[in-house]
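Dear colleague,

Please find the structure below, handed over for your use. A short account of the findings follows it.

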Amino acid sequence: MIPELGNPKYVWLRCPNCNQLFYVDNDFWSHKYEELLLHCPYCNTDFNKKDCKDIWR
Amino acid sequence: MSIVSFLPNIHKGGLILSLCLRNFLQELEQKDPGNLLRIKEPINTKYEVTALQYDLGAKGRYPVIFCEKPVLENGEVSEIPVVVNLTASRKICCDLLGIADPHRAAMEYGKRVTNKIEPTVITAAEAPVKEVVYRGGDVDLTKLPHILQHEMNAGRYITAGFLVTNDRDTGIDNCALMRCWVKGKNLTGVVASPTTHTVTNIQKYFAHDEDVPVAIWIGHHPAALIGAQGKWGYPASHYPYMGGTMGESLRLVPTETHGDKIMVPADAEIVIEGFIPANYYCAEGPFGEYTGYVGPQIPAPVINVTCVTHRKNPIYHDYAVGLPDMLVLDNLAIEAKIYSSVKALIPELINVHVPLSGKRFHAYLQLNKTRPGIGKDAILAALPCYPRVKHIFVVDKDIDIFNDGEVLWAVATRTQWDKDVYILPGGTVSPLDPSVPYPAVTGCNGGIDATMPPPIQPGLPNYYQAVNKIPDDFMETFSGENFYDPADLVKMGTTF
């Protein structure tokens with residue numbers, strides 16, 4: 001975690017399909033939502049967190 | 001004179017018409033046509049409608065905007081018009097409540113919204129919202145002109161839909177404004193803040209692993225919307241309060257899917273019915289929020305849509321999130337709540353304003369400074385009144401609290417922050433406040449006492465430097481317009 005970079009309550013990531021940046025809630029990493037797919041608001045791709053190369057959290 | 005009459009019914013040709021969105025628009029166009037902007041040419045539902053609201057807002061103008069030919073995602077022109085900025089004008093909202101002076105909303109609003117009139121249930125055959133019915137495979141939400149408002153929004157959202165749920169234990173209904181991401185022909189997301197009665201209702205069904213029966217109604221008379229958005233107890237139906245603000249009994253009709261278990265306003269424009277599947281979550285968002293920032297993608301439930309009903313030639317209503325379009329109504333309610341609570345403790349309170357500039361986070365309190373300490377007392381009394389309000393600014397009676405510049409002038413010239421600022425960590429805050437640190441569930445509230453010291457004794461001036469002014473007796477006879485033509489004002493330079 002880099003305190004000066006962004007806001008640590010959100011997780012910035014890059015869509016593995018279109019490379020656009022957006023952010024999601026930290027809750028997606030909790031046990032309850034571990035298997036939930038993320039959705040890219042730019043290209044509408046659903047993807048697994050594990051397929052994401054760039055994650056800032 | 002009121003722009004919009006606050007009459008129980010519109011009498012037309014011997015018929016009594018129940019209040020609804022379309023007769024409000026008709027009345028507005030007849031009585032105050034300048035406040036209804038009709039866009040006759042095609043306008044895109046992707047960004048363009050919202051951009052127009054930003055453009056007019058930057059020029060200080062907030063007419064109700066009626067888009068006759070909204071262009072859908074597939075490029076087709078929708079036959080369903082879109083109305084926005086319906087409640088963006090403080091003046092129109094106050095007129096609807098019979099509040100003659102919009103500056104006095106804090107004192108008057110509470111009295112106007114606590115009246116209750118019990119609703120009347122009518123049959124489907126009598127209900128305008130049942131004029132057209134689509135069930136099962138015929139349902140196609142993408143035909144409605146949902147607006148794509150901001151960059152990074154996950155998609156098109158229903159933003160002016162009131163989600164009706166019921167308390168599983170008592171059957172008592174609740175309705176609340178909830179955003180719903182349109183994910184497909186018969187699927188939407190649904191997001192409710194964790195502290196809402198809607199979530200309480202949903203969780204009760206989820207606890208029994210049962211699907212939640214729901215309906216969303218869109219488009220009604222703005223007086224109905226005021227009652228629907230009230231902050232009532234739990235469980236408590238909002239429908240009698242909607243009748244109270246409308247001045248007539250709200251007409252309800254059972255839904256096609258849930259019967260009288262979930263009832264909806266019969267004079268709404270559009271109703272979407274369905275179920276929230278038990279304990280099922282999907283990614284939802286990001287979404288441009290009222291704070292002026294894009295809220296993150298979150299796990300949220302969905303709605304499987306079973307039926308859509310609407311009036312013939314329906315009108316679609318959209319709230320531009322974060323703009324006065326959706327803030328004005330809520331801010332009026334917050335002002336009233338703070339005023340009634342603080343006034344009971346501090347009679348010197350004169351007025352309260354929740355300014356659009358602070359979204360819902362700031363409140364300006366104006367008081368008569370009769371004694372030292374009263375400003376800080378007011379901060380402490382005001383903070384718990386509404387969880388989203390986090391900063392209180394207390395000013396003297398000479399400061400116009402409807403003018404952000406005057407409030408900032410008071411802060412600049414009447415405060416020393418080592419003694420005039422209260423910082424209160426660990427309080428309730430909005431989870432949507434982007435500055436609240438993670439993983440804290442509380443945040444920092446506070447206030448600034450920007451009042452002058454009181455007079456040494458009653459009748460004397462405040463014990464402080466005197467404010468620059470031109471003598472009152474001179475100003476009584478002075479008129480600047482003796483020296484210029486008001487029509488030339490638009491040509492004159494500004495401070496920029």
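In chain B, the C-alpha centres of domain 1 and domain 2 lie 35 Å apart. The domain assignment, automatic or from a database, places domain 1 of chain B at 116–314 and domain 2 at 325–474. Their contact (C-beta atoms, placed from the backbone, within 7 Å) takes twelve residues from domain 1 of chain B and eleven residues from domain 2 of chain B.

This is a predicted model, in which local features need pLDDT of at least 70 and side-chain atom pairs count only at pLDDT 80 or more, while totals for chains, interfaces and linings use all residues. Residues are numbered from 1 along each chain as its sequence is written, and chains are lettered from A and ligands numbered from 1 in the order in which they are written.

Helices and strands are DSSP runs numbered from the N terminus (helices H or I, at least four residues; strands E, at least two). Strand S23 of chain B (residues 349–353) is largely enclosed by the rest of the structure, because four of its five residues are buried (20 or more other C-beta atoms within 10 Å of the residue's own, C-beta atoms being placed from the backbone). S23(B) runs antiparallel to strand S24 of chain B (residues 362–367), and four bridges join the two; strands pair if DSSP finds at least two bridges between them. His353(B) has Tyr364(B) as its bridge partner in S24(B).

Finally, the contact between the chains takes 17 residues from chain A and 13 residues from chain B.

Yours sincerely

Note on methods. Buried ≥ 20, exposed ≤ 12 C-beta atoms within 10 Å, placed from the backbone. Contact = placed C-beta atoms within 7 Å.
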